[in-house]
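Colleague: I am new to this one. Please walk me through the terms as we go.

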Amino acid sequence: MALFDGLMGNASQVNLTEVQREYAQILAPQEKIERAYKLIRDMFIFTDKRLILVDKQGLTGKKTEYHSIPYKSISHYSVETAGHFDLDAELCIYISSSTLPVKKTFNKSVNIYEVQAVLSQYILK
C-alpha cells in the first residue's frame with residue numbers, strides 16, 4: 001500500500017533513527033529530527049530548528065537538492081483534513097519570501113493533526 005500511496009502523491013511517516021543516520025551530514029550540531037515523511041524518493045523532515053525538504057532528482061536519484069526553511073520564515077500554514085471520499089489530507093506551508101505555498105499530501109495513515117502540532121510548536125516559539 002505504501003508504494004501505491006507514493007505513486008498517488010501521498011506521504012507516509014518513516015523511521016526516525018534511519019532518517020537521523022542518513023541525513024546526519026546536513027544537520028547542525030545538536031539538531032534533532034522530530035518527524036520525517038517520505039514521498040516516493042523525496043522527504044520532508046521536521047527538526048527542532050527548521051524544516052528540510054529533500055528533493056531527489058533524475059532517474060537514479062543521486063542528484064539531491066536540500067531546501068532548508070527556518071521556522072521563523074513560515075508566515076502561516078493551512079491543513080485540509082481527509083473526507084469520506086477524499087482520503088488524503090493536505091498541508092500547505094506559506095513562506096514569507098514566496099507567494100506560492102509548499103504543498104504536501106498525506107495518506108490516511110498519517111495523523112495530520114500531529115503534523116500541524118509539530119509545525120505549530122516550532123512556529124509559535
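Colleague: Which residues of helix 3 are buried?

Modeller: In this predicted model, the buried residues of helix 3 are Ile-112, Val-115, Val-118, Leu-119, Ser-120 and Tyr-122. Buried means under 20% relative accessible area, exposed over 50%, partly exposed in between, with a 1.4 Å probe and protein chains only. Helices are DSSP runs of H or I with at least four residues, strands are E runs of at least two, and both are numbered from the N terminus.

Colleague: What covers the buried residues of helix 3?

Modeller: The cover includes strand 2 (33-39), strand 3 (42-47), strand 6 (74-80), strand 7 (89-95) and strand 8 (102-106). A contact here means heavy atoms within 4.5 Å.

Colleague: Why is Tyr-122 called buried?

Modeller: Its relative accessible area is 7%. The limit is under 20%, so Tyr-122 counts as buried.

Colleague: What makes Tyr-71 and Tyr-122 a stacked pair?

Modeller: Rings of Phe, Tyr and Trp (its six-membered ring) pair if their centres lie within 6.5 Å; planes under 30 degrees apart count as stacked, over 60 as edge-to-face and the rest as tilted. The centres of Tyr-71 and Tyr-122 are 5.0 Å apart and the planes stand at 15 degrees, so the pair is stacked. Tyr-71 lies in the loop between strand 5 (63-70) and strand 6, and Tyr-122 in helix 3, so the pair ties together parts 51 residues apart in sequence. Tyr-71 is buried as well, at 5% relative accessible area.

Colleague: How many aromatic pairs are there in the whole structure?

Modeller: A search finds five. One of them joins Phe-44 and Phe-46.

Colleague: Why is the pair of Phe-44 and Phe-46 called edge-to-face?

Modeller: The ring centres are 6.4 Å apart and the planes stand at 75 degrees, so the pair is edge-to-face. Phe-44 is buried at 2% relative accessibility, and Phe-46 is buried at 1%. Ring pairs also link Tyr-37, Phe-44 and Phe-46 into a cluster.

Colleague: How do you know which parts of the model to read with care?

Modeller: From pLDDT, the predictor's confidence in each residue, from 0 to 100. The chain has a mean of 81, and 86% of its residues reach 70 or more. Over residues 1-9 pLDDT stays under 50. Where pLDDT is low, the predicted coordinates should not be read in detail.

Colleague: What are the ground rules?

Modeller: Residues are numbered from 1 along each chain as its sequence is written, and side-chain values use heavy atoms, leaving out hydrogens and water. Local features need pLDDT of at least 70 and side-chain atom pairs count only at 80 or more, while totals for chains, interfaces and linings use all residues.
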